[in-house]
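Hi,

Here is the structure I promised to pass on to you. Have a look at it first, and my notes follow just below.

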Amino acid sequence: MDAIILIITGAFAAVCTYFLNVKLQQGPVRASAALSLAVGLVFHFFPNLLPQPLNANIPIVFIGSSFVGMVSSSVVANYFVVAASGALFSLIYLNTSNFFTGYGGSLGTIACISLLVTIGLPFLAKKNKISNGYLVLRKLIFKKKKH
């Protein structure tokens, strides 16, 4: 049950940050910081609000998922993709949090990985599986030199 609550928290945090960032035009840093501060203050002043595992992990998942919501609307223009990335962030956090202990930037790294996976999934479903990035890379490698 705790994992489901954390997954919902991740999706909710990513969508709320994206909404504040894109629709209300607050910018990615302000949107993430404002929401993370609000959640952090709630859990700081009400430490017995939820059971201890949730009380310890919800602020961390919320802050990390807010990094997902900082994505530009030119990269991701769909709320469903942002929510899926936030949920994927929570899944990765739940399964690898011990691996990243002691490393700085683990929340940002997990947010980047979850966004890249979610953005990359449609390219795998395409029939010919060639993305624009692959075409640009191929053009750079096989570019004919002019003499």
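Of the contacts in the protein with a separation of 6 or more, 69% are between residues 24 or more positions apart, where contact means heavy atoms within 4.5 Å. Before the rest, a word on how to read this: it is a predicted model, in which local features need pLDDT of at least 70 and side-chain atom pairs count only at pLDDT 80 or more, while totals for chains, interfaces and linings use all residues. Residues are numbered from 1 along each chain as its sequence is written, and side-chain values use heavy atoms, with hydrogens and water left out.

The overall picture

The protein has 6 helices and 0 strands, giving the pattern α-α-α-α-α-α along the sequence. Helices (H or I, at least four residues) and strands (E, at least two) are DSSP runs, numbered from the N terminus. Of its 147 residues, 31% count as buried; buried means under 20% relative accessible area, exposed over 50%, and partly exposed in between (1.4 Å probe, protein chains only). The protein exposes about 9700 Å², with carbon and sulfur atoms supplying 69% of that (Shrake-Rupley method, 1.4 Å probe).

Helices α1 and α3

The axes of α1 (residues 2–23) and α3 (residues 52–68) come within 8 Å and cross at roughly 35 degrees. Those axes are lines fitted to C-alpha atoms over the stretch in contact, and angles run from 0 to 180 degrees between N-to-C directions. On the α1 side the contact includes Ile5, Leu6, Thr9 and Phe12, and on the α3 side Leu54, Ile58, Val61 and Phe62 are among the residues involved. By class, this contact has 11 nonpolar, 6 polar and 1 charged residues (Ala, Val, Leu, Ile, Met, Phe, Trp, Tyr, Cys and Pro count as nonpolar, Asp, Glu, Lys and Arg as charged, and the others, Gly among them, as polar).

Thr9 of helix α1 is worth a click: it counts as buried at 12% relative accessibility. Leaving aside neighbours within four places in sequence, Thr9 is in contact with Ile58, Val61 and Phe62.

Other residues to look at

Gln25 lies in the loop between α1 and α2 (28–45). This residue has a positive phi of about 50 degrees although it is not a glycine, and it counts as exposed at 67% relative accessibility.

As for cysteines, Cys16 is partly exposed at 22% relative accessible area, and Cys112 is also partly exposed, at 41%. The disulfide count comes to 0, taking a disulfide as a pair of cysteine sulfur atoms within 2.5 Å.

Best wishes
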